[in-house]
Amino acid sequence: MAASSSSSLCYCSCRWLMFVVIAVLVVLAGSSSAQLSTSFYSKTCPNVFGAVKSAVQSAVSKEKRMGASLLRLFFHDCFVNGCDGSILLDDTSSFTGEKTAGPNNNSARGFNVIDAAKSKVEKVCPGVVSCADILAIAARDSVTILGGPSWNVKVGRRDSKTASQSAANRGIPGPASSLSALISRFQSLGLSTTDLVSLSGAHTIGQARCTVFRSRIYNETNIDASFAKRRQRSCPRTTGSGDNNLAPLDFQTPTAFDNAYFKNLISKKGLLHSDQVLFNGGSTDSLVKKYNSNPKSFLSDFISAMIRMGDISPLTGSNGEIRKNCRKVN
């Protein structure tokens, strides 16, 4: 009787152990298949990269600033609930999206280029590629077209079915952010201080409105006097006057992706407060100096940071959807 009981117990234990092992393997298999991959579309849509690049190339050739705008769209998408294409959604009767959030309102642009890229992709492989992936690819292409590095973009994201204005207001660091606030926000997303500084180097291209740098050029002391005066000419002190006048984030080479941004910071010619805090006697000074003297190091770290940022909370597997129109859910 005892032997029989022992045998039965062993049988049950073995069956339970086998069940646990199988369950673990299933979970592992599911998680590995849900990971982003540079070859995700190799069979289902091998022409996706060419289609997206065609749309981006056309847009940037007409207006070089568009490259910076597309790169910024990707940043602002990933920093709000992950890289899920939520920033692309228009407002609806059931939710207020991210386009009208403070960091994006009258500022985020390039949505028409993503629409054009989506249209081109749909022609070669309808219903296969997400808008979130198209945005990630467009960001890489923008950098490359403007003279920056290239890298293999990991894809396989799916699109969110909703967006959040409040999350965008909370999640995207503003131009008046302190260094500690920037470091904290990046860390909360799994990004390091090195990622923060190298990604900030994206401000080597693009422009900013007077409203976001007015306070710096009139009130701050860690700014080159001649640079401040130069910016003041097109950005009056009085709020409401010239608010939308633009100035280049990198006054030296505003449409070339290089390391001039870091040279500007060392010269106290960072346009935004959140730029100059990276070189103001704090913990990131050494990285700014490094990228100023070693452009290859900057480009290498920028690539790594872009890939890590693209990994922030993607929707994969059966989560989300593949939108037919990037501006609205299916």
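**Close-up views of a predicted helical chain**

Of the 330 residues in the protein chain, 46% are buried, where buried stands for under 20% relative accessible area, exposed for over 50% and partly exposed for values in between (1.4 Å probe, protein chains only). The model is a predicted one, in which local features need pLDDT of at least 70 and side-chain atom pairs count only at pLDDT 80 or more, while totals for chains, interfaces and linings use all residues. Residues are numbered from 1 along each chain as its sequence is written, and side-chain values use heavy atoms, with hydrogens and water left out.

**View 1. The whole chain and its confidence.** The protein chain holds 14 helices and two strands, taken as DSSP runs (H or I of at least four residues for helices, E of at least two for strands) and numbered from the N terminus. Its mean pLDDT is 91, with 90% of its residues at 70 or more; pLDDT is the predictor's confidence in each residue, from 0 to 100. Over residues 1–33, however, the pLDDT is below 50, and this stretch has zero contacts in the model beyond near neighbours in sequence, a contact being heavy atoms within 4.5 Å. Where pLDDT is low, the predicted coordinates should not be read in detail. Among contacts between residues at least 6 apart in sequence, 74% join residues at least 24 apart.

**View 2. Helix H2 and its buried side.** The 15 residues of helix H2 (residues 48–62) should span 21 Å at 1.5 Å a residue, and the end C-alpha atoms are 22 Å apart, which agrees; the expected span is 1.5 Å times one less than the number of residues. Buried in H2 are Val48, Ala51, Val52, Ala55, Val56, Ala59 and Val60. These residues cover an arc of only 155° around the axis, which puts them on the same side of H2, the arc being that of the directions from the helix axis to the C-beta atoms. They pack against helix H3 (65–78), helix H4 (111–124) and helix H5 (131–145).

**View 3. Val121 in helix H4.** Val121, found in helix H4, is buried with a relative accessible area of 0%. Leaving aside neighbours within four places in sequence, Val121 is in contact with residues including Val48, Ala51 and Val52. Its C-alpha atom is separated by 9.7 Å from that of Ala55, 66 residues apart along the chain.

**View 4. Ser142 in helix H5.** In helix H5, 13 of the 15 residues are buried, so H5 is largely enclosed by the rest of the structure. Ser142 lies in this helix and has a relative accessible area of 0%. Not counting residues up to four places away in sequence, Ser142 touches Val56, Gly67 and Leu70, and its side chain reaches the backbone oxygen of Gly67 at 3.5 Å. H5 is followed by Gly147, whose phi is positive, near 95°.

**View 5. The nonpolar cores.** The largest nonpolar core has 74 residues, and those with the most contacts inside it are Leu71, Phe302, Met306 and Met309; such a core is a set of buried Ala, Val, Leu, Ile, Met, Phe, Trp, Tyr and Cys residues joined through side-chain atoms within 4.5 Å. Apart from this core lies another, of 13 residues, among them Cys210, Ala228, Leu249 and Leu272.

Definitions and conventions. A polar contact is a pair of N or O atoms within 3.5 Å; within protein, one must be able to donate a hydrogen and the other to accept it, and residues adjacent in sequence count only if both atoms are side-chain atoms.
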